[in-house]
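Subject: Handover of a structure model

Dear colleague,

Please find the structure below, together with an account of what was found in it. I would be grateful if you would read the account alongside the coordinates.

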Amino acid sequence: MSTFQDLGLNEDLLKGITDLGFETPSEVQEKAIPILLNEDTDLVALAQTGTGKTAAFGFPMLQKIDIDSRTTQGLILSPTRELCLQIANEMKAYGKYCKGLNVVAIYGGSSITDQAREVKRGAQIIVATPGRMKDMISRRLVDITKIQYSVLDEADEMLNMGFKEDITEILSGTPEDKNTWLFSATMPKEVATIARKFMKSPQEITVGHKNESTDNVSHEYYLVNARDRYQALKRLADANPRYLFGDFLSYQTRYTKGCRKLN
Ligand code: AMP
């Protein structure tokens, strides 16, 4: 079994990893990190949430960008605000010892002016939801013309949520010669189409089996009448106080259609 050091990560990242308490690389990290560090290539990775995929693209991106520059070089697109914040926080933790690193999260439902101010200070990496990102690009509040690495995280979810046009528009404003790394739990036709359209001979890795969920996450479901769904969610939240609020909101937005507000 390899170590993080074997994968070729630099001292600053290794120190961050020690602080986080990660001992050995997960399967997706072991497969993706050496490829992304050593080659300028596009990549399609089939991996579920909980497999450590954020670090699989996060470590190479942190190591490859020029931290002395204030230009935006890395763009990570993710489907929800919660995931966007989670990725941004993970990236900050991974890059704790990368001096001068500035990771900014851009998502809807929060002040666009504040987010624009943060970007203006010089964000080497932006983690964004597609809708708000497109909005900021059209208002010229972000510059995506120098992006070298773009990540489509949970690509299948982003397409399910109707972000295809936004993603297409965003990516078409980025340089042709950048690398794109696509992570998805499943590979439906729509994801394959995006991969064909925006990627050049991507390398492919699969973690676990296609369309199967990770061992680290257990799945449970409850059948309830549609009108009882808020109450059911509330009970689940009460019974599982260790759920992060973000996770809970994300369950709410993904799995209870039309559910806007928990009373
Ligand atoms: P992700 O699949 O990126 O959402 O990661 C799931 C969780 O596993 C996150 O809380 C990470 O901080 C954690 N994690 C990622 N890589 C490792 C590792 N190699 N060892 C232990 N925990 C990890």
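Against which helices do the buried residues of helix 1 pack? They pack against helix 3 and helix 4 (81–94). Helices (H or I, at least four residues) and strands (E, at least two) are DSSP runs, numbered from the N terminus. Buried means under 20% relative accessible area, exposed over 50% and partly exposed in between, with a 1.4 Å probe and protein chains only.

Before the details, a note on the basis of the values. This is a predicted model, in which local features need pLDDT of at least 70 and side-chain atom pairs count only at pLDDT 80 or more, while totals for chains, interfaces and linings use all residues. Residues are numbered from 1 along each chain as its sequence is written, and side-chain values use heavy atoms, with hydrogens and water left out.

The chain as a whole

The chain has eleven helices and seven strands. Of its 263 residues, 46% are buried. Its accessible surface comes to about 14300 Å², and carbon and sulfur atoms account for 47% of that; accessible areas come from the Shrake-Rupley method with a 1.4 Å probe, and for residues only the protein chains shown count as cover. Among contacts (heavy atoms within 4.5 Å) between residues at least 6 apart in sequence, 72% join residues at least 24 apart.

Helix 1

The buried residues in helix 1 (residues 11–20) are Leu13, Leu14, Gly16 and Ile17. These residues lie on the same side of helix 1 because they cover an arc of only 160° around the axis, the arc being that of the directions from the helix axis to the C-beta atoms. Exposed Glu11 and Thr18 are carried on the face turned away from the buried side of helix 1. Just after helix 1, Gly21 takes a positive phi of about 85°.

The ligand site

The ligand is surrounded by 13 residues, and the closest are Thr24, Gln29, Gly50, Gly52 and Thr54; a residue is near a molecule if one of its heavy atoms lies within 4 Å of it. By class, this shell has three nonpolar, eight polar and two charged residues. Here Ala, Val, Leu, Ile, Met, Phe, Trp, Tyr, Cys and Pro count as nonpolar, Asp, Glu, Lys and Arg as charged, and the others, Gly among them, as polar.

Oxygen atoms of the ligand lie 2.6 Å from a polar side-chain atom of Thr54, 2.8 Å from a backbone N or O atom of Gly50 and 3.2 Å from a side-chain N or O atom of Glu90. Taken alone, the ligand exposes 500 Å², of which the protein buries 70%.

Thr54 is found in helix 3 (residues 53–64). Thr54 counts as buried because its relative accessibility is 15%. Apart from neighbours within four places in sequence, Thr54 is in contact with Ile87, Glu90 and Tyr94.

Two residues with positive phi

Most residues other than glycine have a negative phi. Glu154, which is not a glycine, has a positive phi of about 50°. Glu154 lies in the loop between strand 5 (149–152) and helix 7 (155–160), and is buried at 6% relative accessibility. Ser201 also has a positive phi, near 35°. Its place is in the loop between helix 9 (189–198) and strand 7 (203–206), where Ser201 is exposed, with a relative accessible area of 68%.

Yours sincerely

Methods. Polar contact = N/O pair within 3.5 Å; in protein donor to acceptor, adjacent residues only side chain to side chain.
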